[in-house]
Amino acid sequence: MLTNLAVRDIETLVHPYTNLATHREVGPLVLERGRGVFVYDTAGKDYIEGMAGLWCTSLGYSNQELAEVAYEQLKKLPFTHLFSGRSHDPAIELAEKLKEIAPVPISKVFYGASGSDANDTQVKLVWYMNNALGRPKKKKIISRLKGYHGVTVASASLTGLPANHTDFDLPLPGILHTSCPHHYRFAQPGESELDFSARLAAELDEMIQREGPDTVAAFIAEPVMGAGGAVTPPEGYFEAINAVLAKYDILFIADEVITGFGRTGEMFGTTTYKMKADTLSCAKALTSAYFPLSAVLINEPVYEVLVDQSKKIGTFGHGNTYAGHPVGCAVAVKTLEIYQRDRIIEHVRKVAPKFLQRLTRLAEHPLVGEARGVGLIGGIELVKDKASKAQFEAKKGVALKSTSFAQEEGLILRALGGDRVAFCPPLVISEAEIDELFDRYERALAKTLDWVKAEGLLAG
Ligand SMILES: Cc1ncc(COP(=O)(O)O)c(C=O)c1O
């Protein structure tokens, strides 16, 4: 029975990333408030936010300091932009802080309002820079199948997922996708993680050779693939990729939108996986999602090209109204201060063993083929047959069913393609709450197994 709010939702909203036809029947989950790692619906039922919203509410749901700093900034200077050389204190302070904590040498910061627009900026900078350098052919950008970089036209092109391309007339020409580094699903029988990594690096090398190294400008990767399945890279992967990129003078863009600010147990995933990145995209946990803000971090060589271009053609013609919004920057400065003051990364390292132990224990369940993670992010894959790794028919939606049983049990998780389920709780989660999260999911899995059997999905 749909509530009044649910009916009004159905009649008024187009929901992002939602099956719009099914939504008309099942309606929304309407959330009203949050506290710590819990959110509450309009009937007062509690849920552990096992996805930190969309991999973003790192400090949980009731941080008074973030609310207060936003309110103070709203009262003092609710808006000013950064166009035409205008500036404000929070933007400058945040940029200084980001340069200080960046995992690779960074010269300057360019703000946006979302992870997607940050990655669009990355694409435009690559094109602009290579024109400026007199290399107009060096424009292609290589991303990975199942990589996720957003939904705007260029970012959705970088994304390597069919739902973001089908009938949207994407990807744009000049954006290529190399193999997905998911060892469990794509390694050959008996292939070690190191051998798999070496094979994927060789495939990338071949792709660059085939396209012509003088036409390939950049490579983009998330340290841990998020929307593509919460997939951690195989051993030796980024070391092997670094070596290929270095051979051909290809810029390495690290998409740290999910992994930035402690998620992997280091401040950046780039450090965890020894990625030799040149530029970074950040968003989400930059403000603990208390305000939309993204940042592109560029190195000195890229910045020098931009300045030289201005000497030649004048205005750097890029940027949007809300880029570097003073409220967002003030919230981000406070968020970074809290990460440091409350030793959030140390906390992640302290609780991660419990998280990973409970995550990997799920692999004992008859439906779970793989369970793997790093820090406080993990993914599992539900399969029909563990020995052969045979998958359920995609349209049966087994992972999705398990997350709807999880919702019944008071746990919010996200089902991703290939019957994967992602786990990505707020970084402030306690060990007891980690236990509660997995207790709730284990009950959901038990219900999923009953359902799978009742539907006869294990046969054949
Ligand atoms: C790795 C990565 N990059 C980019 C994005 C796009 O960010 P946004 O949804 O803020 O546009 C996301 C969103 O989940 C992401 O996970």
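In this predicted model, Gln73 lies in helix 4, which spans residues 64–76. The residue has a relative accessibility of 8% and therefore counts as buried, since the cut-off for burial is under 20%. Neighbours within four places in sequence are left aside here.

Apart from neighbours within four places in sequence, Gln309 contacts Tyr128, Ala132 and Gly314.

An open sheet is built from 7 strands in the order 4-10-9-8-7-5-6. Pairing within this sheet is mixed. Its edges are strand 4 (108–112) and strand 6 (175–178), each of which pairs on one side only. On average, neighbouring strands are turned by 20 degrees against each other, direction ignored. At one end of the order, strand 5 (residues 140–144) runs parallel to strand 6. The two are joined by 4 bridges. One of the residues involved is Ile141, whose bridge partner in strand 6 is Ile175.

Helix 5 (residues 89–101) touches strand 4 and strand 10 (294–298). The direction of helix 5 makes about 125 degrees with that of strand 4. Helix 10 (residues 237–247) also packs on the sheet. Its contacts are with strand 5, strand 7 (216–221) and strand 8 (251–255). The direction of helix 10 makes about 170 degrees with that of strand 7.

Strand 11 (residues 368–374) and strand 12 (residues 377–382) run antiparallel and are joined by 6 bridges. Val368 has Leu382 in strand 12 as its bridge partner. The two strands form a hairpin, with 2 residues between them. In the turn, Gly375 has a positive phi of about 55 degrees.

Helix 14 covers residues 344–361 and packs against helix 16 at an angle of about 15 degrees, with the axes 9 Å apart. Helix 14 is therefore roughly parallel to helix 16, as angles under 35 degrees are classed that way. The crossing is right-handed. From helix 14, the contact is made by Lys350, Val351, Lys354, Phe355, Arg358, Leu359 and Arg361. Helix 16 contributes Glu431, Ile434, Asp435, Phe438, Asp439 and Glu442. The residues of this contact divide into 5 nonpolar and 8 charged, with no polar ones.

Helix 15 (residues 398–408) meets helix 16 (residues 431–454) at an angle of about 130 degrees. Their axes are 8 Å apart. Helix 15 and helix 16 are therefore oblique to each other. This crossing, too, is right-handed. On the helix 15 side, the contact involves Val398, Lys401, Ser402, Phe405, Ala406 and Glu408. On the helix 16 side stand Tyr441, Ala444, Lys447, Thr448, Trp451 and Val452. The residues of the contact of helix 15 with helix 16 comprise 7 nonpolar, 2 polar and 3 charged.

Definitions and conventions: Residues numbered from 1 in each chain as written. Predicted model: local features only at pLDDT ≥ 70, side-chain atom pairs only at ≥ 80, totals over all residues. Heavy atoms only, no water. Contact = heavy atoms within 4.5 Å. Axes fitted to C-alpha atoms, helices over the stretch in contact; angles between N-to-C directions. Parallel < 35°, antiparallel > 145°, perpendicular 65-115°, else oblique. Left-handed = near helix turned anticlockwise from the far one by under 90°. Nonpolar A, V, L, I, M, F, W, Y, C, P; charged D, E, K, R; others polar. Pairing = 2+ DSSP bridges. Buried < 20%, exposed > 50% of the residue type's maximum accessible area, 1.4 Å probe, protein only.
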